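Try each task before you read its solution.

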Amino acid sequence: MEIVLSGIRPTGPLHLGNYLGAVTNFVKMQENNRCYFFIADFHSLTTHPLAEHLQENIKQVLSEYLAAGIDPEKSTLYIQSDVPEVAELYLYLNMNAYLGELERCTSFKDKARKQPDNLNAGLLTYPTLMASDILIHRATKVPVGKDQEQHLEMARTFGNRFNRMYNCEVFPSPTAYNFGEALVKIPGLDGSGKMGKSEGGDNCLYLSDTSSVLKKKIMKALTDAGPQTTNQEKPDCIKNLFTILEAVSTKDTVEYFNEKWNDCSIRYGDLKKQIFNDVDAFLTPLRERITDIRADENYLSAVVKRGAEQARESADTTMSEVRKYIGIKRLF
Ligand code: TYM
């Protein structure tokens, strides 16, 4: 049995990338493992959200997790800030995290490029907070998308370093997980990198988007002038559309459009209509469940309370050991 943990920042509703990169893999693991899934509200503070938006987003994301099949009877589903021990472990790990390694982290370098005017210490130490989330439950498997691979490597580094420094084996070595398959990266609709909340609304297909919004976004997705020679390689924007098609359509459909690409008879309008139909069929039942669950605040409150209790119990066990090794305890 593995200890499985994953989390998502409540910086907006969940998109197809979050769902296919992290949530569905997690859901598949909850039958036979000890599973923790949480909402990373501390992490989202790096962007300074308004308090009321943060609260709304937490409720939305919680409803989306539940609609996606995370079962609070089988898994511990909690909000990060309900477990203050995470912030304590973050403090301890920061004492042994070095500026150079934090500055070299790709996600930090990315932020330094994109938002030089808000390069706060929370962004720099994002990997130590993420390591605390993982290590506090001594998780061994972490179902995440491809973009989190480096953060996982850093969590291993920080955990191993602690073990070495204090000559103990408190922390196992967690690994990113996708059932032996490559980690998922769902691209955005603007022809560039990944589908991501910070890339802007039209780049993302949100689980809660209505059919008409989905249609508008997909029909507007960036394409090129079309293939000029048979069997040519696809440019990034077209590769991206095929990746989304592969995620939601049948093999036959993907093959059909690949043949059309290869013999230069593809019509992007048809490809986009197909993607819209299949994404919409995929998301409609989920969207309906999200709306029902979001309306039931009593249920959400019961889930969160129970999750907090379970998560704190597990965190407390780890932290008692951690404090003992560090020497933080009541003297008398
Ligand atoms: P966040 O909120 O950016 O993303 C949450 C999860 O969704 C995955 N993901 C994707 N997967 C495939 N294709 C995409 N386009 C795509 N976009 C996002 C991410 O890989 C992630 O699994 N740091 C994390 C939150 C976190 C966490 C943790 C995760 C905090 N502590 C501990 C695991 C364990 C993050 O930025 O999530």
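**Exercise 1: the ligand shell**

Sort the residues of the shell around the ligand into nonpolar, polar and charged.

Solution. Step one, the classes: Ala, Val, Leu, Ile, Met, Phe, Trp, Tyr, Cys and Pro count as nonpolar, Asp, Glu, Lys and Arg as charged, and the others, Gly among them, as polar. Step two, the tally: 13 nonpolar, 9 polar and 6 charged.

A word on the source: this is a predicted model, where local features need pLDDT of at least 70, side-chain atom pairs count only at pLDDT 80 or more, and totals for chains, interfaces and linings use all residues. Residues are numbered from 1 along each chain as its sequence is written, and side-chain values use heavy atoms, with hydrogens and water left out.

**Exercise 2: polar contacts**

Find polar side-chain atoms that touch the ligand (N or O pairs within 3.5 Å).

Solution. Start with Arg 9, which puts a polar side-chain atom 2.7 Å from a ligand oxygen. Then turn to Asp 133, whose polar side-chain atom sits 2.7 Å from a ligand nitrogen.

**Exercise 3: a salt bridge**

Which residue forms a salt bridge with Lys 59?

Solution. Apply the rule first: a side-chain nitrogen of Lys or Arg within 4 Å of a carboxyl oxygen of Asp or Glu. That gives 20 salt bridges. The partner of Lys 59 is Glu 297, with the closest N and O atoms 3.5 Å apart.

Technical notes. Polar contact = N/O pair within 3.5 Å; in protein donor to acceptor, adjacent residues only side chain to side chain.
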